[in-house]
Amino acid sequence: MEKKTQSGKIDTDTFLAQIGNHQNPVTGSINTPLYFSTTYEHPTLGESTGYDYTRTKNPTREVLESALAVLENGTVGLATSSGMSAVQLVFSQFPVGSEIVASRDLYGGSYRYFQELEKQGVYQFIYVDDEAGFETKITDKTTAVFIETPTNPLMSEVSIERIAAISKKHQAQLIVDNTFYTPLIQRPLDLGADIVLHSATKYLGGHNDLLAGAVVARSKEVGAQLAYQLNTTGAVLSPFDSWLLIRGLKTLALRMERHEKNAQAVAKYLQTNAKVKEVLYPGRGGMLSFKINKQEQIKDFLRNLSIFTFAESLGGVESLITYPTTQTHADIPEGLRESYGLTPDLLRISVGIEASEDLIADLKQAFEQLN
């Protein structure tokens, strides 16, 4: 991604560092102003400054949404109150009775929402386990395709370009959850997707201090429809959280570089540990999962850790370790989880930006205390 300036184009790293700068010529403030105002004065009858009511448009959120669109190389960016509200917004555009083809391995919250939609008779969901499955399940009846790549928590990747081509052939909209990779590693819209979304609570924010979602559309038409739905339902991101997310984005390039470097080192260590059955890491990004030989030792292993924090969520500067079976994916029925590989011996790690040597040492001592 490059953004044009008067002197040419700038690199993504530069763009990120400069988000929100030069937004107030009156004061010359470096940081973009934080506009808390709920409503805005009209100059006179029939005239507007462009800002009327903060649910519809807020100057601080507008800076963020413009940046999100540039980062994902889309036409319209929208900031929502959470990652799940971003998912809800995207699915609000489809008519009742629509058929959706989705990744089988996906975030438990998304699965819970999809199940609720199906229970209410709103949509029908068809789940597939691998890339080949999309080719057989996407048909002319399919309204939309929803994928995570890599998936959460099994870290499986699929070709966005291939699935985009299949979706386009059947006139189905392709939606990609890009939370794990961010636009610095992968830009789904450039690969043929129609919509990309994020739980911006994670890597985009990066500090475990805000709840946010992001949606970016490739076409202006879809973007306008989503903007209308967001204004109608009201699940917009608050001005303060918009400002926090702008702040987080400024260091995204630096953080992702360190996340990935550390994850590669941690994965390499785990692959050599005799107490680890399997390591699931696609080689990119800061997320990985692994399966421990003795499932009954998980509780003691988690208790032994001192740097890694046993907690839900991901993408912050601090390293977190999660047990999907009882945390992020608990709403997926046990038999279903285990049928596609999400077994109770699996742990998921969000590798932070600490020194990799310290992270590996923490894992090592935790393993050594096990019988």
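The exercises below treat an annotated lysine, a pair of helices and some backbone features.

The model is predicted: local features need pLDDT of at least 70, side-chain atom pairs count only at pLDDT 80 or more, and totals for chains, interfaces and linings use all residues. Residues are numbered from 1 along each chain as its sequence is written, and side-chain values use heavy atoms, with hydrogens and water left out.

**Exercise 1.** Determine where Lys-202 lies and whether Lys-202 is buried or exposed.

*Solution.* 
Step 1. An unreviewed UniProt entry annotates Lys-202 as "modified residue: N6-(pyridoxal phosphate)lysine"; such annotations, given in the numbering used here and with shortened feature names, may be inferred rather than shown by experiment.
Step 2. Lys-202 belongs to the loop between β8 (195–199) and β9 (213–217). Helices (H or I, at least four residues) and strands (E, at least two) are DSSP runs, numbered from the N terminus.
Step 3. The relative accessible area of Lys-202 is 16%, so Lys-202 is buried. Buried means under 20% relative accessible area, exposed over 50%, and partly exposed in between (1.4 Å probe, protein chains only).
Step 4. Neighbours within four places in sequence aside, Lys-202 is in contact with Thr-179, Ser-313, Leu-314 and Gly-315; contact means heavy atoms within 4.5 Å.
Step 5. Ser-313, in the loop between β12 (309–310) and β13 (320–322), is partly exposed at 22%. Its phi is near 85 degrees, a positive value in a residue other than glycine.

**Exercise 2.** Describe how α10 and α13 pack.

*Solution.* 
Step 1. Helix α10 (residues 252–271) and helix α13 (residues 356–368) pack at about 30 degrees, with their axes 9 Å apart. Axes are lines fitted to C-alpha atoms, for helices over the stretch in contact, and angles run from 0 to 180 degrees between N-to-C directions.
Step 2. The two helices, α10 and α13, are therefore roughly parallel (angles under 35 degrees).
Step 3. Among the residues of α13 that meet α10 is Ser-356. With neighbours within four places in sequence set aside, Ser-356 is in contact with Asn-262 and Ala-265. Ser-356 counts as buried, at 16% relative accessibility.

Terms used
Angles under 35 degrees count as roughly parallel, over 145 as roughly antiparallel, 65 to 115 as roughly perpendicular and the rest as oblique.
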